[in-house]
Amino acid sequence: MQKIIYILSLYYFTVVNSYYRNNPLIVGNWKSYLRYNEAIELSKNLKNIYDNNKNDLIDKNIVIMPPFLYAYEIGKLLQDTKICIGSQHVSPFCSGPFTGEITASMLKSTNCEYCLVGHYERKQFLYESDEQIHHSAYKLLKNNIIPILCIGDSSVEFENNKSYDKCISDINNLFSYLMSYNVDYNIYKNIIIAYEPIWSIGTGIIPNKNFLDKMYYDIHSYISYKYNFNPTILYGGSVNQNNLMEMSTFDGLLIGMSSINENKFIDICKKFKKFNLIN
Ligand code: PGA
């Protein structure tokens, strides 16, 4: 029975749903790699390459996430392109006496449109808790910034077939928090999901296509059924120009290392979904 449901959902997603899907979303997370001069140079190069490849990129939504400190200036540099600015982090607090914090309303006032929440590196190295992640997502939604919720399994969870359960629990935790604050359906349906296996981030290792397809369909079906919207789901973890076919079912990508090289990044943007039914 489970097999029949799986085959039907496969048909639905590849044939029926392909006509309704949005343009792919490609997000470059610059992390803490670049100094000011390097970031400005990368942005200028991105602008030039983008201008020369507009026709190949017209159907892609592209977001870059530079460090806070340079984001506004880079946004101005790229304002004539379709590349928009996102943030790697937001404070869980509102405006107030919180030394060093960058709030959602501050981000909004500098034209930030997207923001990561729940990235593994912040949980692991900065001890970000679920509670902080939920507060951050809530503040973003209140300020009309689209949260990109990062979810993902550890290698132990992967080996024990718990990848799906772990991701669904991350999703349910956030949505039940938002519902407890009566966040309206029309607002929370804007949340984007990024599936990033923890063991794939920065390692050069990615899951195989069968596994990734199944994760995509299962997470998508769960959210559509339980929360009644058609979510955009990105894949993240060691994406490069040569492994895009493996994650071609996804609606987009979250790219770290390969996004700080303008040629690699634009090449990935151009290639992603080229052979898919949608384009
Ligand atoms: P990576 O990072 O592409 O360097 O693996 C992805 C991420 O952390 O979002």
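## Basis

In this predicted model, local features need pLDDT of at least 70 and side-chain atom pairs count only at pLDDT 80 or more, whereas totals for chains, interfaces and linings use all residues. Residues are numbered from 1 along each chain as its sequence is written, and side-chain values use heavy atoms, with hydrogens and water left out.

## Largest cavity

The structure holds two cavities of 30 Å³ or more. A cavity is a set of points, on a 1 Å grid over the protein atoms alone, where a 1.4 Å probe fits but cannot get out; lining residues have an atom within 4 Å of a point. A volume is the space filled by probe spheres set on the points, which are joined across faces, edges and corners.

The largest cavity has a volume of about 80 Å³. Its lining consists of K123, D130, I133, H134, L149, C150, D170, N173 and L174. At least two lining residues come from each of α7 (130-142), β5 (146-151) and α9 (163-180); helices (H or I, at least four residues) and strands (E, at least two) are DSSP runs, numbered from the N terminus.

## Strand β6

Strand β6 (residues 192-195) is covered on both faces, with I192 and A194 buried on one side and I193 and Y195 buried on the other. Buried means under 20% relative accessible area (1.4 Å probe, protein chains only).

β5 and β6 run parallel and are joined by four bridges; strands pair if DSSP finds at least two bridges between them. I192 in β6 is the bridge partner of I148.

Definitions and conventions: On a 1 Å grid over the protein atoms alone, a cavity is a set of points where a 1.4 Å probe fits but cannot get out, and a pocket is an open set with protein on both sides within 12 Å along at least five of seven lines; lining residues have an atom within 4 Å of a point. Buried means under 20% relative accessible area, exposed over 50%, partly exposed in between (1.4 Å probe, protein chains only).
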